[in-house]
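Open the model in your viewer and keep the selection tool ready. Each stop below says what to select and what is there.

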Amino acid sequence: MKKKIKLACIIDDDKIYVNLVRKIIETKKLCDHLLIFKDGKEGIDYFETLLQNFEREHLPEVILLDLNMPVMDGWEFLERFTKIKNKFNSPITLYVVSSSINSIDIEKAKSLSSVQNYLIKPVKIDELEAVFNQTA
């Protein structure tokens, strides 16, 4: 039997998109648990707290990150996350998932070492399955 992801994370302010992706993940049983944050600030606060408390079991294996959000956008999240990512000593696969088709955004995201790939919304079911299957 193939290994399944225990914990995944969505950081996105689009409730409709988040609900759709959550439904796909639950229906396809792509992971056991899902964390959802509505902006980069909630997300980075979570990771910084985990780091302080050394709670590795609460560390997601996959992060789906939006770029355009209020409070703290995906770029700011990436900047802060990249500084602490290696302190977890655990692989975390991060995908930028954005409606931006701007080649500058795509190239900038793909050039970051902490970003695995860039997916354009709306994400197709098979793309989502591939993300989880490659990471598991």
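**Stop 1: Asp 12**

Select Asp 12, which sits in the loop between E1 and helix H1 (15-27). Bear in mind throughout that this is a predicted model. Is Asp 12 buried or exposed? Its relative accessibility is 3%, so Asp 12 counts as buried. Now show the backbone of Asp 14. Its nitrogen lies 2.8 Å from a polar atom of the Asp 12 side chain.

Next, display the surroundings. Leaving out residues up to four places away in sequence, Asp 12 touches Tyr 17, Val 18, Phe 37, Lys 38, Asp 66, Met 69 and Lys 121. Two of these neighbours, Tyr 17 and Lys 121, deserve a look together. Lys 121 lies over the face of Tyr 17, at 4.3 Å from the ring centre.

**Stop 2: the aromatic cluster**

Stay with another neighbour of Asp 12, Phe 37. Phe 37 has 10% relative accessibility and therefore counts as buried. Now select the aromatic rings. How many aromatic pairs does the structure hold? There are six. Take Phe 37 and Tyr 46: the ring centres are 5.2 Å apart and the planes meet at 45 degrees, so this pair is tilted.

Move on to Phe 47 and Phe 77. This pair is edge-to-face, with 6.1 Å from centre to centre and 65 degrees between the planes. Phe 47 is buried, at a relative accessible area of 0%. Phe 77 is buried too, with 0% relative accessibility.

Ring pairs join Phe 37, Tyr 46, Phe 47, Phe 77, Phe 81 and Phe 88 into a cluster.

**Stop 3: helix H3**

Begin at the start of H3. There, a side-chain oxygen of Asp 73 comes to within 3.1 Å of the backbone nitrogen of Trp 75. Lys 108 lies over the face of Trp 75, 4.1 Å from the ring centre.

Which residues of H3 are buried? They are Gly 74, Trp 75, Phe 77, Leu 78, Phe 81 and Ile 84.

Finally, colour what surrounds them. The buried residues of H3 pack against strand E1 (5-11), H2, strand E3 (62-65), strand E4 (93-98), helix H4 (103-111) and strand E5 (115-120).

Definitions and conventions. Residues are numbered from 1 along each chain as its sequence is written. This is a predicted model: local features need pLDDT of at least 70, side-chain atom pairs count only at pLDDT 80 or more; totals for chains, interfaces and linings use all residues. Side-chain values use heavy atoms; hydrogens and water are left out. Rings of Phe, Tyr and Trp (its six-membered ring) pair if their centres lie within 6.5 Å; planes under 30 degrees apart count as stacked, over 60 as edge-to-face and the rest as tilted. Buried means under 20% relative accessible area, exposed over 50%, partly exposed in between (1.4 Å probe, protein chains only). A charge sits over a ring if NZ of Lys or CZ of Arg is within 6 Å of the ring centre and within 35 degrees of the ring normal. Helices (H or I, at least four residues) and strands (E, at least two) are DSSP runs, numbered from the N terminus. Contact means heavy atoms within 4.5 Å. A polar contact is a pair of N or O atoms within 3.5 Å; within protein, one must be able to donate a hydrogen and the other to accept it, and residues adjacent in sequence count only if both atoms are side-chain atoms.
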